[in-house]
Amino acid sequence: MTVPDLTLTMLGAANSGKTTFLLGMYDILSTGLHGYFTFTEDPDQAVNLRDAWDLLVDKGELPLPNDVDQSKYYRFVFNHGFTPLITVDWMDYRGGALDDHTTSGSDVSELRERLNRSDSIYLILDGGVIAKWLDDPAKLPLAKRRLQVRAMTDHLQRAMQHRREKGLPFPSIVVIITKADLLRSPSRGVGQALAQVVDQLEALLPVVFAVGVTALVCPVKVGDFGDSGEERVTSVDVKTIDPVGLHRPTIFSLMHYLTVGLGGRSVAVGEAEAGLSEVEEQMAALNRGFSAFLHSRRTAQLRNVAGAYTDTIENEKRQTRLDQDLISRLSHELQAHPIIRDGELEL
Amino acid sequence: MLGNSGAGKTTYLSLMYAEMSEGVAGFQVRARSDAQHQVLMKDARGIRTGVYPVVTHRRASYELALRYNGTEVLPFSWRDHRGGAASGRTSDADDVAELHRDLLDSDAILMFADGAELVSSPRAAKAFGRLSGPVLRALNARGQVPTPLVIVVTKCDLVNLRDPKVLEAVRAPLRELIGAIRNSKHIHGTVQLVSCGPSPSNVIYPALWSLRWGVLGMRERLDLVARQHGAAARAAVKKNTRINRLAARFWGVPTNGEIALEERLYAQQAHQKLNDLIPPVQGLDKLLADVSSF
């Protein structure tokens, strides 16, 4: 069985919690969750991720920001039990790189090339900034600036345009709201805050409402660390670590990838069925009348072609059933999470 | 064998060896070299008096053989890896890469968890969960190769497994991996609770359960060899014509009749070896009848 390879890119402003999210996601999925496991292809990368997570859990030390021109790459394998489902080529784009003032030309061109071939893009939004916007809607421009929304949107639109020109489907988008604990306020719970965010998301991130885009809005948190304002926090109280939802973005990426693949399978089945029908007609014509025995060699050749079409149809249908089962299983993990499809909200 | 530091891998090996070398229901495990036999027996004697073997600093490999009623049934290598090897970087120590290579080649994998630590320390539970990574990585690379995987929970004499809370603390960190094994068609698993102190208990079962899969694998291979030689013999008989005999004499090569005889001999030899395996397989089945596996 060939395991599909998914390219995933994570974008977000500096200090938005991208790397911490990645560490927490890996920690949870590396020991298994609801039957799903993740491991790195390179065993040493697993040790690096584990050590960085342990530093957070044991000493409260948050990971250092990725240095200038030091975006990080990982290759993960995503299994259901012992069955490999997908390999993920993951890029943790250094936060500062979204800021044009600090970004080199090669850095940007690398990112653009990467986004053009990304199957899934994670937009990381700092929950603390979102909370301030929810508290005071007039702060939308400030929130956009701090979340680097313009840079993210520009990159995303450029990638979508590229894929449209190439006739490729758009990548799935996950709007990850990190530090989700900060969404809570005396007057609202996290659930209410999320509903508010989704309700007003079009004002903040209109790009995810474009036709052809499927986006999940997913709040996550590593712990209840409180608000530090604009100051970069380097350490937290280990007693407050309480990861929630960190595995869901990856589940969604896989689910969307399989769903897009179903369309391709359906086309393949349709083409094979049309081919089979044509071959059967040719065979029927050759077998008609007294001269049928003269065409026995040609008929045998066509029978082989028909057999190949039948095999293709059966294989594609079998794989479709397997993918549908898996999509159904994966969707349980995302129940009650808002998904925006072609600009329409689904719950 | 892989597990975190202090999980009791080396202690387990010594005690298992000592018990099996004395013989259990006709089965015996013996080291091929006298030096290794002496080391393992000395360690086991020490453990029985409360002196535990020193921590393994590097991978140790023991060449052993399973015997039944005095006849060798299955030779095997037993690899004891340093505890830190499962969680180290390949760039830090050679034995880390050796562990990854061994996992790729092993016919059976034994994962060790310290039962007492599972109960008392969430860190230990997490550390055991993280052992899944190297195992999954290796088994993914191997494809659908049937592989027995034993989860050995050690130091069970130090915890009260009759207490439901304690039992749950032991079970919880194993649950995801057990679920994965249950859902797999090619991975066969069992969980074995053992005590490796001065009064060892259950120590023979993880080894014997793994060895049974080794013996069954050998039986399958022999069966295949017997069938292949049988088919070759039948095919040669069909081609054993007068012309073939004349041509073979002319070219100085064996006739199809001679080839058939030779193939039949190989098939008989394979059948004989298969027959020899019947008593040990039945013996292992009987011995392991109460061992639950999934």
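**From one residue to the second chain**

Guide: Leu23(A) counts as buried because 26 other C-beta atoms lie within 10 Å of its own. The cut-offs, applied to C-beta atoms placed from the backbone, are 20 or more others within 10 Å for buried, 12 or fewer for exposed, and anything in between for partly exposed. The model is predicted: local features need pLDDT of at least 70 and side-chain atom pairs count only at pLDDT 80 or more, while totals for chains, interfaces and linings use all residues. Residues are numbered from 1 along each chain as its sequence is written, chains are lettered from A, and ligands are numbered from 1 in the order in which they are written.

Leu23(A) belongs to helix H1 of chain A, residues 18-30. Helices (H or I, at least four residues) and strands (E, at least two) are DSSP runs numbered from the N terminus. Leaving out residues up to four places away in sequence, Leu23(A) touches Leu49(A), Ala52(A), Trp53(A), Leu56(A) and Pro63(A). Contact here means that the C-beta atoms of two residues, placed from the backbone, lie within 7 Å. Thr7(A) is 16 residues from Leu23(A) along the chain, and their C-alpha atoms are separated by 18 Å.

Next comes the interface between the chains. Chain A contributes 16 residues and chain B 23 residues to the contact. On the chain B side, the elements giving two or more residues are helices H5 (122-130), H6 (132-142) and H8 (175-182). H6(B) gives the most, with 7 residues. This side of chain B is made up of 6 nonpolar, 12 polar and 5 charged residues. In that count, Ala, Val, Leu, Ile, Met, Phe, Trp, Tyr, Cys and Pro are nonpolar, Asp, Glu, Lys and Arg are charged, and the others, Gly among them, are polar.

Chain B as a whole has 11 helices and 7 strands. Its C-alpha atoms fill a box of roughly 80 × 40 × 40 Å along the principal axes. Of its 294 residues, 40% are buried. Where contacts in chain B join residues at least 6 apart in sequence, 74% of them join residues at least 24 apart.

Chain B is split into domain 1 (2-216) and domain 2 (219-287), with bounds that come from an automatic or database domain assignment. The C-alpha centres of these two domains of chain B lie 39 Å apart.

Angles run from 0 to 180 degrees between N-to-C directions, and axes are lines fitted to C-alpha atoms, for helices over the stretch in contact. The sheet with E5, E6 and E7 is open and parallel, with 4 strands in the order E1-E5-E6-E7 (chain B). Its edge strands, each pairing on one side only, are E1 (2-3) and E7 (187-193) of chain B. Strands pair when DSSP finds at least two bridges between them. E5 (109-114) and E6 (147-154) of chain B are joined in parallel by 6 bridges, and Leu110(B) has Val150(B) in E6(B) as its bridge partner.

A second open sheet of chain B has 3 strands in the order E2-E3-E4, paired antiparallel. Strands E2 (27-31) and E4 (71-80) of chain B are its edges, and the twist averages 30° from one strand to the next. E2(B) is linked to E3(B), residues 60-68, by 5 bridges, and Val29(B) stands opposite Leu66(B) of E3(B). Between E3(B) and E4(B) there are 9 bridges; Tyr62(B) has Trp78(B) in E4(B) as its partner. The hairpin of E3(B) and E4(B) has 2 residues between the strands, and Asn69(B) takes a positive phi near 50° there.

The last item is a helix pair. The axes of H1(B), residues 9-22, and H2(B), residues 34-48, come within 8 Å and cross at roughly 100°. H1(B) and H2(B) are therefore roughly perpendicular to each other; the class covers 65 to 115 degrees, with under 35 roughly parallel, over 145 roughly antiparallel and the rest oblique. The residues in this contact include Leu13(B) and Tyr17(B) of H1(B) and Leu40(B) and Ile47(B) of H2(B). By class, the contact has 8 nonpolar, 2 polar and 1 charged.
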